[in-house]
Amino acid sequence: MRTLYMSPFSPYTRKVRVMLAEKGLEYENKKVATDRFPADYAATINPCARVPALDDNGRVLFESNVILDYLLTEYPDTPKGAPQPPLVKSLVRADKRWDDWETLVAIETALNCGLTMLRFGAHSGVATDPPYLARDHQRVQSILDWLDKRATPEGFVPGWFSVLDLNLVITLQWVDFRKLFEWRGRPNIDRLMAFHGERPTLPSSHPTVPV
Ligand SMILES: N[C@@H](CCC(=O)N[C@@H](CS)C(=O)NCC(=O)O)C(=O)O
């Protein structure tokens, strides 16, 4: 029995849904109201009181990138006919571990900035009051400039669909869905999004699709 504690609009949840689809793993979606978590959720599922969390036959994990790492490690196979380019085998490359971790953390920071903008700012346009929102807007633009130098038109790990690609695609598709900030106009990121953004495992978990 595999249960995903989730919210349909959550980009962090979506990363896990896409990975489960890539691995061809069956699971049950358990929607959690993120504005009023059930009383025992933090005590029994995720002490951080957030989604996603995954209960994999009694092994309960939280934190999206940890769950991705777990799924890649515990379920190394991909189904026949899986999309191309193939899914990577590990969260980060052994020989580029520090580079890949920095990329992952930079994308995660951009997503966290987006969440702050959504919670505390206007849903569209640049809300600059309070001032930390202006800093978050600057931060995402500098992160995107930096990512554009690390990306290639075929992703962060050419020849593969990497967890870095997965994180970026989900972050920027969610930014568009929430109309938070402009990210286009960077050659490598634009092409990476065109290259990986249509992957067949993505549409069914798009935030516009009812769960
Ligand atoms: N770092 C966490 C972030 C998870 C997160 O922030 N989830 C949001 C939904 S998108 C949430 O549960 N928010 C509820 C809250 O903060 O009260 C992860 O990667 O799983």
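Some ground rules. Because the model is predicted, local features need pLDDT of at least 70 and side-chain atom pairs count only at pLDDT 80 or more, while totals for chains, interfaces and linings use all residues. Residues are numbered from 1 along each chain as its sequence is written, and side-chain values use heavy atoms, with hydrogens and water left out.

I start with the hairpin. Strand β3 covers residues 53-56 and strand β4 covers residues 59-62. Helices (H or I, at least four residues) and strands (E, at least two) are DSSP runs, numbered from the N terminus. The two strands pair in the antiparallel sense over 4 bridges; pairing requires that DSSP finds at least two bridges between the strands. D56 has R59 in β4 as its bridge partner. There are 2 residues between the strands, and N57 takes a positive phi near 50°.

Next, the ligand. Which residues are around the ligand? Among them are S10, P11, Y12, R50, V51, S64 and R119; to be listed, a residue needs a heavy atom within 4 Å of the molecule. Now the polar contacts, that is, pairs of N or O atoms within 3.5 Å. A polar side-chain atom of S64 is 2.6 Å from an oxygen atom of the ligand, and one of R50 is 3.4 Å from an oxygen atom of the ligand. V51 uses a backbone N or O atom, 2.9 Å from a nitrogen atom of the ligand. Of the 510 Å² of accessible area that the ligand has on its own, the protein covers 83%; the areas come from the Shrake-Rupley method with a 1.4 Å probe.

On a 1 Å grid over the protein atoms alone, a cavity is a set of points where a 1.4 Å probe fits but cannot get out, and a pocket is an open set with protein on both sides within 12 Å along at least five of seven lines; lining residues have an atom within 4 Å of a point.

The largest pocket holds about 650 Å³ of space. It has 26 lining residues, and the closest to its centre are Y12, R50, V51, L115 and R119. Helix α4 gives the largest share of the lining, 5 residues.

How many cavities of 30 Å³ or more are there? The count is 1, and the largest cavity has a volume of about 30 Å³. Its lining includes P8, F9, I170 and W174.

How values were computed
Points joined across faces, edges and corners; volume = space filled by probe spheres on them. Polar contact = N/O pair within 3.5 Å; in protein donor to acceptor, adjacent residues only side chain to side chain.
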